[in-house]
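Here is a short report on a predicted model. Have the sequence and the structure open as you read.

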Amino acid sequence: MARSSDGSKATEGVLRPSDHIDSTPADGGGLNEPKLGVLGYLRFFWRQLTSMRTALVLLLLLAVAAVPGSLVPQRSADPNGVAQYFVTNPDLAPILDSIQMFDVYTSAWFSAIYLLLFVSLVGCIIPRIRHHWQAMRARPPRTPKRLSRLEGFVRDERAEGTVADAVDAAERTLKRAGYRTERYGDSVSAERGYLRETGNLVFHSALVGVLVTVGVGGGFGYQGQKIIVEGQTFVNTLLAYDSFSPGRFFDQDALDPYSITLDQLDVVYEEENLDALGQPTDFTAHVDLLDQDGTTSDGEIKVNHPLRVHGNDVFLLGNGYAPVITVRDGEGNIAFSEAVPFLPQDANLTSLGVVKVPDALPEQLGLVGFAYPTQGYLDSGAMTSVYPDDIRPVVSFNVFTGDLGVDDGIPRSVYELDTRDMTQVAGRGTDVDAIILEPGQTQDLPNGLGSVTFESMPRFVSVDVHHDPSQLWVLVFAVLVLLGLLSSLFIPRRRVWIRVTAGADGGIVSEYAGLARGEDPGLSAAVSALAKQHADRL
Amino acid sequence: MTPSLDTVSVILVYSAIAVYALAFIAFTMDLARRAGEVRTVAAASVGTAASSGSGGTALLDREQIEAGDATASRGRLVWLRIGLSLTIIGFVVHLVATVLRGLAAERVPWANMYEFSLTATLIITAVFLGVQLRQDLRFLGTFIIGLVTVLLGLSTVGFYVSVVPLPPSLQSIWLIIHVFVASLGTAFLGLGAALSIMQLLQHRREGLPVESRFTRMRAFASLPDAEKLENLAYRLIIVGFVFWTFTLIAGAIWAEAAWGRYWGWDVKEVWTFVIWTIFAGYIHARSTRGWRGVPSAWLAIVGFSSVLFNYTVVNLFFNGLHSYSGLTE
Ligand code: HEM
């Protein structure tokens, strides 16, 4: 290839790190420099950091460093998985934790690698941008003396024509083909493909753009989760969320207090295909939106189709049933009456839930049980749900009395009942049968503790509310990455020369040759094509 | 109606596997022939080399081989032709099978692991055949059609699931785009890696003393030299890399629509990123003094191994949001 035989020439116009394959071997810089002052050391260090080899090693290190995050559960994506890991590997987990294995992508070591990589990247592209800026305005270089030593050399003799006309034609041919041209005597020097280097610089700069927008932009956003039962309303305020994670620069005033009421969740189930009976094929949450200024509108949230309101994206992430349970206490007062979201346990939505009644008298009450949207039986005789739609809903409860432990200020999960200070009074393991109810039914609790009513079984949705102002910018930079990549990998950068001389016995001789600037498998073919086009013009 | 289409599709898939297996045998015969035919030439030339002294042996041998090539390559060409023809037949059967599966499911046929294998291997074969139009790479048939036969066979036996409707999370235009482009990328990266393997073997052969090149690694004598193989690999891999970059971006857009965040370091996302980074490393390596040649070829091979790992082990044994094999429930 021409450029390996003529490496030093190929680098002019394109600045490359000193260990780039196209640049001249070490120009005395680095280790064998005689005296290294402080400045010398700094320069040496900087040159190492911005070398191709460092970039390459850092890239490979980054790839290796990303792997453990796929082997061990990560706090950011799977906090329950991490908790579980601590339980199953009590010895190993703390050690892994101490080296941030559960937070790989925010860990000191992972961050160090990519930050170094990006420092190297910036150090590498800034001088190249400056250089490229100048190169773009420079004239194509002088025509070499002997074209025959270059790539794709073609020589063409013809009996008629004048040198001047042929040079004009050569210039026009090259301009047409997108070359920048310059005449040197009876020859034309031409260069094209500046977009290759531009693309390369756009690509690398856009990578910095992605990193910065992800890192900084993400800080202005927030993300919250909320469970909404059919008929209930959610107001976009900090307190209303079940969980909320603000970005670093989040300001509470950024929350726009609009409200969303869930009218109904429609679920479509597969009813024909026997291999997939009961598999949900569509979820549509119908909602009413109420703006601060009082205007209302309808909206829809589907999986893959979030609702975009007030700079927020509302995603439908989960669903289930929330039986409405009313508990009357031993004194006949209504101590509890609410829709209680139950957590789905299987594909047919057998769901687990807990009802805590702290205000029941004389003693606090706790109910643990299941909801079955379509009740049936396992072979063992135990109840289960056999279909996810609410065709024959049933709830069943074990009942506890005593101290719920909710008054001591320690936060407790609403999905768990701490029975250490409680006594079971009904259900498995006691003399009294578990409470089993269909909608509208009421059953008395033993020992005059009161009664439980199963009113109805609405559905709930769990939604994720996101605000991320940087998202669009990340996309813009990602598209630039792709465009830059395309132009830098596939636009050939090449020089072509055409020289015309007068033939020995009248007529003219045209010579054509090219020089590749980087990867360019099509150069010879391109030179021949140019020679042909030129000949056609004569 | 619906199930019968799928049944026909499955029968065709098995037929395609059988035809590919035959094509693989033909391509392998070609490689074996290359080895055999060079040996006969070598026997002759070693004789002459011995009698004519050590002087211009290398040059002489090259001429001998080329001369031998012209006369003896006929039998080999037959095997290459048979291999390629069988590949084309297998491809057509495979294509029909895939289309029928799509018709049976009434959607694109790449929504679970079985279907994805079906489509991805189809695309690998298509790219392998398509590339032949520009560059004769039939000698890669053993690797590529071998890989296709194994992947298609394993996934049909191991991952087959009957047609079921798409869960809502997969009902997205991005499923179509993202997965399709990922398959295209896989095909190009796979061809590139196969060339890199050839390159390493050829490099090894080029390092052998001239005399022993006739007794060892003979099959490579008639293949392009290591530098040519490397350049070919590079050109295929950069195409694959662009597709992979697009896959990454399209995946992020889809993840945003489905889960509300464009990037969350889910296991599948991690591996897509790791693969992308390895190939970015490969492209740099090719431009770094001291890394072109053997080290960069190894990077291409490691990169494609990660693609295969991502597709098999990560799908089956790592749990993440992307558990779409359709095998769990
Ligand atoms: C964030 C890390 C980086 C990534 C992902 C990356 C990726 C890439 C890719 C994909 C290419 C090929 C496409 C193109 O030519 O534009 C490339 C080329 C290049 N990169 Fe990087 N790069 C990174 C960092 C760096 C750094 C730190 C340097 C400076 C030492 C550098 C110097 C170069 C050069 C000189 C080329 C052109 C290679 C050639 O002439 O063929 N890159 N890079």
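## Fold of chain B

Along its sequence, chain B runs α-α-α-α-α-α-α-α. That comes to 8 helices and 0 strands. The model is predicted.

Chain B has 329 residues, and 58% of them are buried. Consider its contacts with a separation of 6 or more: 81% of these join residues 24 or more positions apart.

## The iron site

Two histidines supply the protein donors of the ligand's iron atom: H204(A) and H284(B), each through NE2. They lie 2.0 Å from the iron. The pair crosses between chains. H204(A) sits in helix 10 (residues 194–217) of chain A, and H284(B) sits in helix 7 (residues 267–286) of chain B.

The iron atom has 6 donor atoms around it, with angles of 74 to 180°. The arrangement is therefore octahedral. For six donors, that label requires opposite donors over 155 degrees apart and all other angles between 65 and 115. Both H204(A) and H284(B) are buried.

## Helix 11 of chain A against helix 6 of chain B

From helix 11 of chain A, the contact residues are Q471(A), L475(A), A478(A), V481(A), L482(A), L485(A), L486(A), L489(A) and F490(A). From helix 6 of chain B, they include Y234(B), I238(B), F241(B), F246(B), I253(B) and E256(B). By class, this contact has 16 nonpolar, 2 polar and 1 charged residues.

Is A258(B) buried or exposed? Its relative accessible area is 6%. Buried means under 20%, so A258(B) is buried. L170(B) is 88 residues away along the chain, yet the two C-alpha atoms are separated by 8.5 Å.

Which residues does A258(B) touch, leaving aside neighbours within four places in sequence? The partners are N304(A) and L317(A).

## Two positive phi values in chain A

Most residues other than glycine have a negative phi. N304(A), a partner of A258(B), has a positive phi near 75°. N304(A) lies in the loop between strand 9 (296–302) and strand 10 (307–309) of chain A. Its relative accessibility is 7%, so N304(A) counts as buried.

L349(A) is not a glycine either, and its phi is positive, at about 60°. L349(A) lies in the loop between strand 14 (343–344) and strand 15 (351–357) of chain A. L349(A) counts as buried because its relative accessibility is 11%.

## Q135(B), a loop residue

Where is Q135(B) found? Look in the loop between helix 3 (113–132) and helix 4 (141–159) of chain B. With a relative accessible area of 22%, Q135(B) is partly exposed.

Q135(B) contacts K228(B), L232(B) and R235(B), with neighbours within four places in sequence left aside. Q135(B) and L232(B) are 97 residues apart in sequence. Their C-alpha atoms are 9.1 Å apart in space.

Notes:
Residues numbered from 1 in each chain as written. Chains lettered and ligands numbered in written order. Predicted model: local features only at pLDDT ≥ 70, side-chain atom pairs only at ≥ 80, totals over all residues. Heavy atoms only, no water. Contact = heavy atoms within 4.5 Å. Helix = DSSP H or I, 4+ residues; strand = E, 2+ residues; numbered from the N terminus. Nonpolar A, V, L, I, M, F, W, Y, C, P; charged D, E, K, R; others polar. Donors = N, O, S within 2.8 Å, 3.2 Å for Na, K, Ca; no water. Tetrahedral: all angles 85-135°; square planar, octahedral: opposite > 155°, others 65-115°. Buried < 20%, exposed > 50% of the residue type's maximum accessible area, 1.4 Å probe, protein only.
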